[in-house]
Amino acid sequence: AEAKRRVSAMPRALTPCGVFDGVESVTLELEAEGSIFYTTDGSYPGSASIPYTGAIEIDKTCVIRAVAVEDGALASDALTLTYIINEGHCLPVISLVLDDWKSFSKVYTAGWRGPRYGANLSFFEEGGSFSMDCLAELKGWTSRSLPKKSLGVSFKGVTGGMLQYDLFGNGITE
């Protein structure tokens, strides 16, 4: 078999992700070169996932992940889209989606510090938002034995850049 020398471009969302209140549903449309495959449970998609054949109606909070697959190319990186539907939030919302959540869950419940895991962090607040790939890892020392643990996320070097967002409202955006 001939080696695949390129990677398919990631699908594009024609419907932005975000927080939606007072709606019956949100219609998600995607586009890409080649075929698109997606999941609705946050798991990493592949060619055995649900084939995208048209608009997806979303009527409850969920994470959609999609990849594009072209003939003669490897599958794209996953596009991660978080849709918060009719949850009535009055504070900013964070969605953390891990590529390997089963392994991370084992580390989290065991309370020992494990490796960094590929993830996507989405942040939604009134007047702004971002969604960016990152690395997530269990942090803290004594808190690891407690039910709630400290998590760390790192953006630098994961996507070729740094997070550019005034997350703390103090004018610092990097």
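Modeller: Strand 2 (18–20), strand 11 (117–125) and strand 12 (128–139) each supply at least two residues of the lining of the largest pocket. The model is a predicted one, in which local features need pLDDT of at least 70 and side-chain atom pairs pLDDT 80 or more, while totals for chains, interfaces and linings use all residues. Residues are numbered from 1 along each chain as its sequence is written, and side-chain values use heavy atoms, with hydrogens and water left out.

Colleague: What makes a run of residues a strand or a helix?

Modeller: Both are DSSP runs, numbered from the N terminus: a helix is H or I over at least four residues, and a strand is E over at least two. On that basis the chain has 1 helix and 13 strands, in the pattern β-β-β-β-β-β-β-β-β-β-α-β-β-β along the sequence.

Colleague: What makes a space a pocket, and what is the volume of the largest pocket?

Modeller: On a 1 Å grid over the protein atoms alone, a pocket is an open set of points with protein on both sides within 12 Å along at least five of seven lines, whereas a cavity is a set where a 1.4 Å probe fits but cannot get out; lining residues have an atom within 4 Å of a point. The largest pocket has a volume of about 180 Å³, the volume being the space filled by probe spheres set on points that are joined across faces, edges and corners. Its lining has 13 residues, of which Val19, Leu91, Phe124, Glu125 and Glu126 are the closest to the centre.

Colleague: Why is strand 6 said to stand at the edge of its sheet?

Modeller: Two strands pair if DSSP finds at least two bridges between them. The open sheet of 5 strands has the order 2-9-8-5-6, with mixed pairing. Strand 2 and strand 6 (50–51) each have a single partner strand, so one side of each lacks a neighbour in the sheet. Strand 5 (residues 35–39) and strand 8 (residues 62–69) meet the definition with 5 bridges, in the antiparallel sense, and Phe37 of strand 5 stands opposite Val67 in strand 8.

Colleague: Is Phe37 buried or exposed, and how do you know?

Modeller: Buried means under 20% relative accessible area, exposed over 50%, and partly exposed in between (1.4 Å probe, protein chains only). Phe37 has a relative accessibility of 13%, so it counts as buried. Of the 174 residues of the chain, 36% count as buried.

Colleague: Why is the pair of Phe20 and Tyr83 given its particular class?

Modeller: Rings of Phe, Tyr and Trp (its six-membered ring) pair if their centres lie within 6.5 Å; planes under 30 degrees apart count as stacked, over 60 as edge-to-face and the rest as tilted. The structure holds 8 aromatic pairs. In the pair of Phe20 and Tyr83 the centres are 6.1 Å apart and the planes lie at 25°, so the pair is stacked. Phe20 lies in strand 2 and Tyr83 in strand 9, so the pair ties together parts 63 residues apart in sequence. At 22%, Phe20 is partly exposed, whereas Tyr83 is buried at 0%.

Colleague: What makes the pair of Tyr38 and Tyr52 edge-to-face?

Modeller: The angle between the planes of Tyr38 and Tyr52 is 75°, with 6.5 Å from centre to centre. The pair links Tyr38 in strand 5 with Tyr52 in the loop between strand 6 and strand 7 (56–58), 14 residues apart. Tyr38 is buried at 11%, and Tyr52 is buried at 18%.

Colleague: How do you know that Lys149 lies over the face of Tyr108?

Modeller: A charge sits over a ring if NZ of Lys or CZ of Arg is within 6 Å of the ring centre and within 35 degrees of the ring normal. Lys149 is over the face of Tyr108, at 5.0 Å from the ring centre.

Colleague: What is the phi of Asn86, and where does Asn86 lie?

Modeller: Asn86 has a positive phi of about 50°, although it is not a glycine. Most residues other than glycine have a negative phi. Asn86 lies in the loop between strand 9 (79–85) and strand 10 (93–98), and it is partly exposed, with a relative accessible area of 37%.
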